[in-house]
Amino acid sequence: MFARPILSSAFRQAARPAPIFASRFTAVRFLSAETRAAIDKAVSSAPVVLFMKGTPETPQCGFSRASIQILGLQGVDPAKFTAFNVLEDDALRQGIKEYSEWPTIPQLYVDKEFVGGCDILVAMHQNGELAKMLEEKKVLVPAESAEGETPKEG
């Protein structure tokens, strides 16, 4: 008596498309060619690119602030870094999430490759992976500059 409703309910659930597939499909579909081209250009504009809320000088959320602080602690060369304020452009704010298939901001790209959001940066900073990657990509302030700041014994 109860087997039929349970079985038909299970069949209906199995026959439905997975919500994850549907959301990914619709997310990609709504990213316009113009927005995609603008984001491609932005991601290519510097070796280290951060899409954030606010600016590096005045971050507008704690996660963006933390991401900037981590990049500073790592010693990223300011000449090899640029940031884009997603609060200035709603198409960029929504488009970057669809572009990377990552739901949150900030988002870090290194050499045109998506690294992750603030949570990923924190984890990579803590386990040393971020320092290793940034050094391999040669985006840190040159060692000579850092050595010049320390007093030499004479």
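A residue is termed buried when its relative accessible area is under 20%, exposed when this value is over 50%, and partly exposed in between, as computed with a 1.4 Å probe on protein chains only. Serine 64 has a relative accessible area of 0% and is therefore buried. The model is predicted, so local features were required to have a pLDDT of at least 70 and side-chain atom pairs a pLDDT of 80 or more, whereas totals for chains, interfaces and linings use all residues. Residues are numbered from 1 along each chain as its sequence is written, and side-chain values use heavy atoms, with hydrogens and water left out.

Serine 64 is part of helix H4, which spans residues 62-74; helices (H or I, at least four residues) and strands (E, at least two) are DSSP runs numbered from the N terminus. A polar atom of the serine 64 side chain lies 3.0 Å from the backbone nitrogen of lysine 53. With residues up to four places away in sequence not counted, serine 64 touches Met52, Lys53, Pro59 and Pro106, contact being defined as heavy atoms within 4.5 Å.

Aromatic rings were examined next. Rings of Phe, Tyr and Trp (its six-membered ring) pair if their centres lie within 6.5 Å; planes under 30 degrees apart count as stacked, over 60 as edge-to-face and the rest as tilted. The structure holds 5 aromatic pairs. In one of them, the ring centres of tyrosine 99 and tyrosine 109 are 6.2 Å apart and the planes stand at 55°, so this pair is tilted. Because tyrosine 99 belongs to helix H5 (residues 90-100) and tyrosine 109 to strand E3 (residues 107-110), the pair ties together parts that are 10 residues apart in sequence. Tyrosine 109 counts as buried, at 3% relative accessibility. Tryptophan 102 and phenylalanine 114 also form a tilted pair, with 5.6 Å centre to centre and 55° between the planes. Tryptophan 102 is partly exposed at 23% relative accessibility, and phenylalanine 114 is partly exposed with a relative accessible area of 29%. One aromatic cluster is formed by Phe51, Phe84, Tyr99, Trp102, Tyr109 and Phe114.

A nonpolar core is a set of buried Ala, Val, Leu, Ile, Met, Phe, Trp, Tyr and Cys residues joined through side-chain atoms within 4.5 Å. The largest such core has 16 residues, of which Leu108, Val115, Leu130, Met133 and Leu134 touch the most other members. At least two residues of this core come from each of strand E1 (48-52), H4, E3, helix H6 (118-127) and helix H7 (129-136).

Definitions and conventions:
A polar contact is a pair of N or O atoms within 3.5 Å; within protein, one must be able to donate a hydrogen and the other to accept it, and residues adjacent in sequence count only if both atoms are side-chain atoms.
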